Amino acid sequence: MSTQPWITTSVGINMPCFIYGTAWKKARTADLVVQALLAGFKGIDTAGQPKHYDETLVGVGLQRAKQQGIPRETLYLQTKFTSPSGQDPNHIPYDKTAPIQEQVAQSFAKSQQNLQTDYVDGLILHSPFATHAQTLQAWRALETIQRAGGARQLGISNCYNLNVLQALYTDAKIKPAIVQNRFYKDTGYDVALRHWCTEYGIIYQSFWTLTANPHILNSETVRNLAAHHHQTPAKIFFRYLHQVGIVPLTGTKSEQHMQEDLAIFDFSLTGDEVIKLSLLLQANTD
Ligand SMILES: NC(=O)c1ccc[n+]([C@@H]2O[C@H](COP(=O)([O-])OP(=O)(O)OC[C@H]3O[C@@H](n4cnc5c(N)ncnc54)[C@H](OP(=O)(O)O)[C@@H]3O)[C@@H](O)[C@H]2O)c1
C-alpha cells in the first residue's frame, strides 16, 4: 500500500496530500468511504448538501472504518456549509428562512450529527455569497464554530475571483487556510489566485481535475510522460499537481483507481517535466 505524505497548513493542521471526495456516491457512500480508507486515503471531503452528498452514510463509513482499526482521530475530515442557492429546495439541512449565521450553525450541527463527530478538521464555505457582506456573515458563523472547537481550520470553495478572496482574507478574523476550486481552463487554472494563495499560506485543493481536462490527459506531452514513467496519464497529472503544491481530490469509485491515485507518491517528475506541464496548462487556457 502506498503511503501518502501530509502537509501542515498555515494554522498548524496536518492535511493529507490527496483527499477522497464523497460526492455522487448515493447508497454506495459508506462502502466507498471504507474502501478508500482501507486503500490508504486519510482525508475525506463531504458537504452538508444532500443534493450531492450523503453525509449520514459518510458517518456510517467512518464508524465502520473505526471498527476495522482506523480511528477517526487519525483522519482528516472536512465538510462544507452550502447556502440555500446550492441546495435542493426540498432537502435543505437547516431553516432557509433563518438569518445566515443561524443557517450555518444549524447546518454544522446537522453535519456533526451525520458524521458522528464533535469536530471536523476543515470547514468550508461552499461558495461565496452574492455580496461580500453576506459572505462575511457566513464567515463569522464559521469563525464562531472554530472558536468553539467544532472546526480546526476554515476554507472557501468555488472562489475564482481573487478580489473576492482578498476581501474575505482582509476582513476575516480567522483567515482561510484552504481554497477548494474546480481546476479548469475557463479560469486559467487559477494561476494568479494560486500564486496569491501560496504567498498567504493558503492550500489550494482541486476538484474536477480529471473530468475537466481530457485535452490535457490526451495531450502528446502527458502521453509521452506517461510512457516514459510507465504511469497512466491520470497519475502523471495528479503527480504534477502534487509537485506544484496542490492537494487534489478524487472521488473514484474504482478500487484500481484508488490504488493508482495513491501510487502517485511512488514516483516523481523532474523539474523540467513540471515546467513542461505548467506551460501546457498555460497554452490551454481560454
Ligand atoms: N467544492 C465543490 O463545489 C465540489 C464540486 C465537485 C466535487 N467536489 C469534491 O471533489 C471530489 C472529486 O470530484 P471530481 O469532480 O474531481 O470528480 P470525481 O468524482 O473524482 O470523478 C473523476 C472521474 O475520473 C475517474 N478517475 C478517477 N481516478 C482515476 C484514475 N486514476 N484514472 C482514470 N480515471 C480516474 C473517475 O472514474 P472511476 O470512478 O471509474 O474511477 C471519474 O469518472 C468530489 O467527490 C467532492 O468531494 C467539490
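This is a predicted model: local features need pLDDT of at least 70, side-chain atom pairs count only at pLDDT 80 or more; totals for chains, interfaces and linings use all residues.
## Helix α10 and its packing

The residues of α10 that are buried are Met258, Asp261 and Leu262. Viewed down the axis of α10, these buried residues fall within an arc of 95°, so they line one face of the helix. An α-helix has 3.6 residues a turn, so residues three or four places apart point the same way.

## Helix α1

Helix α1 covers residues 29–39, and its buried residues are Thr29, Ala30, Leu32, Val33, Ala36 and Leu37. Down the axis of α1, the buried residues fall within an arc of 165°, so they too line one face of their helix.

Just after α1, the backbone at Gly40 takes a positive phi of about 125°.

## The shell around the ligand

The ligand is surrounded by 23 residues, of which the closest are Gly21, Phe207, Ala234, Gly251 and Thr252. By residue type, the shell around the ligand divides into 13 polar, six nonpolar and four charged residues.

Strand β10 (247–250) and helix α10 each supply at least two residues of this shell. Helix α10 gives the most, with three residues.

Strand β5 (residues 76–81) and β6 run parallel and are joined by four bridges. Within this pairing, Lys80 stands opposite Ile124 in β6. Strand β6 comprises residues 122–125; Gly122 and Ile124 point one way from the strand, Leu123 and Leu125 point the other way, and all are buried. In a regular strand the side chains alternate between the two faces of the sheet.

A further parallel pairing joins strand β7 (residues 154–157) to β8 over three bridges. Here Ile156 has Val179 in β8 as its bridge partner. Strand β8 (residues 178–182) is mostly covered, with four of its five residues buried.

## The loop at Ser268

Ser268 lies in the loop between α10 and α11 (271–283). Is Ser268 buried, exposed or partly exposed? Because Ser268 has 13 C-beta neighbours inside 10 Å, this residue counts as partly exposed; a residue is exposed at 12 or fewer and buried at 20 or more.

The position of Ser268 can also be described relative to Thr144. These two residues are 124 apart along the chain, and their C-alpha atoms are separated by 41 Å.

## The chain as a whole

The chain contains eleven helices and ten strands. Its C-alpha trace spans about 55 × 45 × 35 Å along the principal axes. A compact globule of 286 residues would have a radius of gyration near 19 Å, and the chain, at 18 Å, agrees with that value.

Of the 286 residues in the chain, 44% are buried. Among contacts between residues at least 6 apart in sequence, 73% join residues at least 24 apart.

Methods: Residues are numbered from 1 along each chain as its sequence is written. The arc is that of the directions from the helix axis to the C-beta atoms. A residue is near a molecule or strand if its C-beta atom, placed from the backbone, lies within 6 Å of it. Ala, Val, Leu, Ile, Met, Phe, Trp, Tyr, Cys and Pro count as nonpolar, Asp, Glu, Lys and Arg as charged, and the others, Gly among them, as polar. The radius of gyration is taken over C-alpha atoms; the globule rule is 2.2 Å times the number of residues to the power 0.38. Two residues are in contact if their C-beta atoms, placed from the backbone, lie within 7 Å. Two strands pair if DSSP finds at least two bridges between them.
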